[in-house]
Amino acid sequence: MSILRTTDLKKHYGSPGSDAVSVRALDGVDLAVERGEFVSVVGSSGSGKSTLLHLLGGLDRPTAGQVEIGGQPIFAMRDDELTIFRRRHIGFVFQSYNLVPVLTVEENILLPLELDRARPDGPFVDQVIAMLGLSNRRRSLPDQLSGGQQQRVAIARALAAKPAIILADEPTGNLDSRGGMDVMGLLKISGERFGQTIVLITHNPEIAQLADRTIRIEDGRIVL
Amino acid sequence: MSASHNSAIRRVTRRSLKQNPSHTVFTVLAITLSAAMISAVCGFAASGRQMLFDFLGEDVLEARQYSAMVYTAAAVFGLILVATSVIIASNAFRASAGERTKQFGLLGSIGATKGQITAAVVYEGVFLSAVGIPLGLLLGNAIHLLAADIVETLFVQVNAARMAHGANGDSELHFAYVFSWPATALAVAVSLVTVLVSAWLPARRAASLSPVEAMRQSGGDAPAAKSVKVSPLTRALFGCEGALAVKYAKRGRRSYRATVAALSISVVLFITGSFFASGMERSMTSAMPYAGVTAGVEYISATDHRLPLAAVERVTVRLAEFPDTIVHLEEATEDGTALTVWLAETDDVEGFRSYAMSVLEEIVGAPQSDQYRLNTYDTSKITAGQRAVMLAVRLFTYGFVALLTLIAVTNVISTVVTNMRLRNREFALLRAIGMSRKNFSKMLRHESLLSSARALLYGIPLGSAFAYILYTGFMRSTEFGFVYPWLAVAISLAGVIVIVFAATKIAQSRINRLSVIEALHE
């Protein structure tokens, strides 16, 4: 059974009332991802791939269509229900890291759990931190770290709540090719070790090839 | 939502405040200033009320009527000052609004609910208020104490003049510092609401956006995607810089609106304050109509011994027969009054006084026990006293207007400078794509013109309306007609333009010093 499924997902920008031209970022996407699968999404810029990822994770609301996670339609939930669902089941990794600048590495990693008032699984968090090579950086602030290190913190943050799904938006986009490959290796290993489903956007064909399956998006539609 | 459950959110808030000390200090200062202004106004109103009740004593009905006057003035100036303090406090929060919207988006993307974000805002507002408001209350009470002291010094002279006029000693005017709990509570409540609303606005904006949109905020204004038609006339007269200025004003709504609001409220403050001062001035001059008066004659009687009108006229005629003397009948009504006063302009004060006494005794007879009394006096002491009082009141009211003007100007400058800082990146971008300094100045000049015009459009009618409210509540009793404050309107017209252009120029010279690349990377 698919853990992630979209039906006729559409996102248009620009409201019909205004004279701004309506842009069809997504124009009817049907997608199914199996549990434990590693899917990469490629496409030129402006093709709608980031929009797709944001909708998959409920960071944005679609114009039409539905996203089902574990059989549950997520846009049937109210805003706060969706937020809580997201922090329990989905981990995000962004191209621009999006760490909270005033919190240390460890505090950033634990933040989603604290927001959920959940007791962190100490040994598991330690394991994640060690795996990502951040053990001696726990008390550093994000701007004391290199780009690759910051991205590893973001990955650790995404993993800390043991989410079923990891959504990554060009996680290697700001890194050099070696750093990029390191981050990809870590994502793949953690996905396998913790049985997680990964959907990852990339520009880089080399990185796309590491996935079980590659989806190409053009003009808001999936092309094969 | 219980406090212990939001420790993560509270930590983020506390750290943010700590990591950005200059901004935190600036915000606390803004809150302090707002709270001080509000608390000083509330305290002043409380003192004014106390003064009237002490002065008018048992006559509660009359006291009520007069306290209505005090409250009208306090309400008009209080309202304007509250609006000013809202602008000052919200400027401080506006400076970081883009940053905060971004942060809320980030927190939202990793699972903070709207309730948790609201809790962060409330926590920050309460945290900053906990420092700023007590400081503001201290400062406000200090201002109140100082001002009460100045007013009391003036009243010493007023009381002396009243005594000389024959008022009895137990109805002296006293304006003392009064600590009033309701006034303090009002000041705290208004300040807290101001702060919370200012802090909450960016949070509301973040909540209205999806986390993705919120994170994408560039830190400046979110432009409104609406069509802006630039008239061909603007384009012909002001070129592409003019057209650009119009677009910034229409699409970058918030900074433009903030400037217009600050300017309008300053215009209102100035017009209302000037009207108040000139009204005081006129009511005082009317109290002293004959500048050359040197001597006074009084007939004071019990109710059943009023002076008949015919007798009043005879006395007037006789008094005027004294050489080189002009006599004014000051108070008399048709059925004769309890108090009849003649004022005379003469060089021979002593000669006139004895002559006046003999005239009165001749016409109404010598004073008998408590049926009536005759008085003559030398008014030179009284006029000297009155002149001192007038000077003091004039100093006080114009000092008041100067203070209001200072607040208004500070407010405008802080708003304009905040706006320019928020637009550093935008300006750098324009320069990077080839806008020369000259083009840039031209654009900013046109923007200044737009916001000044809009501010005057709102400020002048509103200021006039407040002046009229002040007139109906406070000065109608002085039997004056409403005189439109043309001079104040003209001064504010010129003042707004000068201040906006000067503030823009100052901010611009700062921007010219910034490197384009640094600003773009900000």
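In chain A, helix α4 (residues 122–131) packs against helix α5 (residues 147–160) at an angle of about 155 degrees, with the axes 10 Å apart. Helices here are DSSP runs of H or I with at least four residues, strands are runs of E with at least two, and both are numbered from the N terminus. This is a predicted model, so local features need pLDDT of at least 70 and side-chain atom pairs count only at pLDDT 80 or more, while totals for chains, interfaces and linings use all residues. Residues are numbered from 1 along each chain as its sequence is written, and chains are lettered from A and ligands numbered from 1 in the order in which they are written.

**Helix packing in chain A**

- Axes are lines fitted to C-alpha atoms, for helices over the stretch in contact, and angles run from 0 to 180 degrees between N-to-C directions.
- α4(A) and α5(A) are therefore roughly antiparallel (angles over 145 degrees; under 35 is roughly parallel, 65 to 115 roughly perpendicular and the rest oblique).
- A:Val125, A:Val128 and A:Ile129 of α4(A) make the contact with A:Ala156, A:Leu159 and A:Ala160 of α5(A), where contact puts C-beta atoms, placed from the backbone, within 7 Å.
- By class, the residues of this contact are 6 nonpolar, no polar and no charged (nonpolar covers Ala, Val, Leu, Ile, Met, Phe, Trp, Tyr, Cys and Pro; charged covers Asp, Glu, Lys and Arg; the others, Gly among them, are polar).
- α5(A) also meets helix α6 (residues 177–194) of chain A, their axes coming within 10 Å and crossing at roughly 15 degrees.
- That makes α5(A) and α6(A) roughly parallel, and this crossing is right-handed.
- On the α5(A) side the contact includes A:Gly147, A:Arg152 and A:Leu159, and on the α6(A) side it includes A:Asp182, A:Leu186 and A:Ser190.
- The residues of the α5(A)–α6(A) contact divide into 5 nonpolar, 5 polar and 2 charged.

**The sheet in chain A**

- Six strands form an open sheet with mixed pairing, in the order β6-β7-β8-β3-β9-β10 of chain A; two strands pair if DSSP finds at least two bridges between them.
- β6 (90–93) and β10 (221–223) of chain A are the edge strands, each pairing on one side only.
- On average, neighbouring strands of this sheet are turned by 25 degrees against each other, direction ignored.
- β6(A) pairs with strand β7 (residues 165–169) of chain A in the parallel sense over 4 bridges, and A:Gly91 has A:Ile166 in β7(A) as its bridge partner.

- Chain B has 16 helices and 4 strands, and 39% of its 522 residues are buried.
- In chain B, residues 24 or more positions apart account for 86% of the contacts with a separation of 6 or more.
- The contact between the chains takes 23 residues from chain B and 25 residues from chain A.
- α1 (7–19), α4 (97–109), α5 (114–164) and α7 (211–215) of chain B each give two or more residues to the side that touches chain A, and α1(B) gives the most, with 6 residues.
- That side of chain B has 9 nonpolar, 12 polar and 2 charged residues.

**A closer look at B:Ser266**

- B:Ser266 lies in helix α9 (residues 253–287) of chain B.
- B:Ser266 counts as buried because it has 29 C-beta neighbours inside 10 Å (20 or more others within 10 Å is buried, 12 or fewer exposed and in between partly exposed, with C-beta atoms placed from the backbone).
- Not counting residues up to four places away in sequence, B:Ser266 touches B:Ala408, B:Asn411 and B:Val412.
- The C-alpha atoms of B:Ser266 and B:Thr410 are separated by 9.5 Å, with the two residues 144 residues apart along the chain.

Methods. Contact = placed C-beta atoms within 7 Å. Left-handed = near helix turned anticlockwise from the far one by under 90°.
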